[in-house]
Amino acid sequence: MVRALALAARGQYTTHPNPRVGCVIVNGDQVVAEGWHRRAGEPHAEALALAEAGARARGATIYLTLEPCSHRGRTPPCVDALIAAAPARVIVAMRDPNPLVDGNGIGAMREAGIEVEVGLCGERAEALNRGFVSRMRRGRPWVVSKIAASVDGRTALASGASKWISSAESRADVQRLRAGCSAILTGIGTVLADDPSLNVRLEGCERQPLRVICDTRLRIAPTARTLGVDGSVFIATASRDSDRRDALALAGAGFLDIAERGGHLDLRQLLEQLAQREVNEVLVEAGALLNGALAAAGLLDELVVYFAPSLLGRDGRGMFDLPQVASMSDKVECSFSESVRVGPDLRVRLLFADT
């Protein structure tokens, strides 16, 4: 199963919006075939492994990181191919949370007389597809906020200058973060201040994440850099200004109409709309206002901070604009999940307590 998970991870940047899945077929004490899902519309991991194994799949043990699909999508149901191959046993890391599948593939194999075990390395399999799982179970993507900060927690000088807090190595690492996400989310303040492109600049990159800009009043200019690079851009807005919309549409923007709550966009509704567009993981690259709003609403799942070995002082800009915490019992809880050096910087991953 560890090998199957490693195979599945090869689809980290390419399977969107499908889950990452690996398959290993063992007959006796010999691995006879392997497969992993590469991209949507292409054969699934099981189909590739079964094609390689041929008759050697009969009586074999098959290790799968995710329950086989039991419905017809872009490809035929994998469970049918597995049953036809007649293995003795199928070991599944986790059930598929997709309501079209959930338990049906496992049930069909058991009805066909195949021994099925579920749960081996299940936590690792779920972590590999946390965005897909979140979309299926919660109706919204997994949301990760990326922040570059000094060790005193400042993201920019008081003037707003922020280039560059983090190192070149950290900025290269961020490109891999972007490539692994379905969408990148930012706020209009960041666009107006920095005019970022927000695209993936990695050699061999096959897919650009969707770029989403929260802009309640449509203040973004049609000349904004992110509108001129490859990939799709959507502006989440409450504005109905037809002239502004027409100009931005000519520049390549699409629109997500989001309700306004207290002068700001309803971020939960925004995430639900992104889930409906098959967005699994959202990477937030924004300022303290949007980060704070997401955290206050309980919509952040993970935080990735690149701490640079520097101090910016008390007047520097902070990471989160949150309401005043009146007591320690009201603080936003996180837990550390990773700490690793990236060049001269320290990359820290934290999970929010309610995820």
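Biologist: Which loop does proline 17 lie in?

Modeller: The one between α1 (2-9) and β1 (22-27). Helices (H or I, at least four residues) and strands (E, at least two) are DSSP runs, numbered from the N terminus. Bear in mind that this is a predicted model: local features need pLDDT of at least 70, side-chain atom pairs count only at pLDDT 80 or more, and totals for chains, interfaces and linings use all residues. Residues are numbered from 1 along each chain as its sequence is written, and side-chain values use heavy atoms, with hydrogens and water left out.

Biologist: Is the bond from histidine 16 to proline 17 cis or trans?

Modeller: Cis, with omega near 0 degrees. Most peptide bonds are trans.

Biologist: Buried or exposed, leucine 218?

Modeller: Buried, because its relative accessible area is 2%. Alanine 86 counts as partly exposed, at 24%. Buried is under 20% relative accessible area, exposed over 50%, partly exposed in between (1.4 Å probe, protein chains only).

Biologist: New topic. What lines the second largest pocket?

Modeller: It has 27 lining residues, with Ala127, Arg130, Trp142, Glu302 and Arg349 nearest its centre. α5 (122-128), α6 (130-138), β6 (142-150), α7 (168-179), β15 (334-342) and β16 (345-352) each give two or more residues to that lining. The largest share, five residues, comes from α6. A pocket here is an open set of points on a 1 Å grid over the protein atoms alone, where a 1.4 Å probe fits, with protein on both sides within 12 Å along at least five of seven lines; lining residues have an atom within 4 Å of a point.

Biologist: How many charged residues in that lining?

Modeller: 13 charged, alongside nine nonpolar and five polar. Asp, Glu, Lys and Arg count as charged.

Biologist: Which ring does arginine 38 sit over?

Modeller: The charged end of arginine 38 sits over the ring of tryptophan 36, 4.4 Å from its centre. Likewise, the charged end of arginine 245 sits over the ring of phenylalanine 255, at 4.8 Å from the centre. The test is NZ of Lys or CZ of Arg within 6 Å of the ring centre and within 35 degrees of the ring normal.
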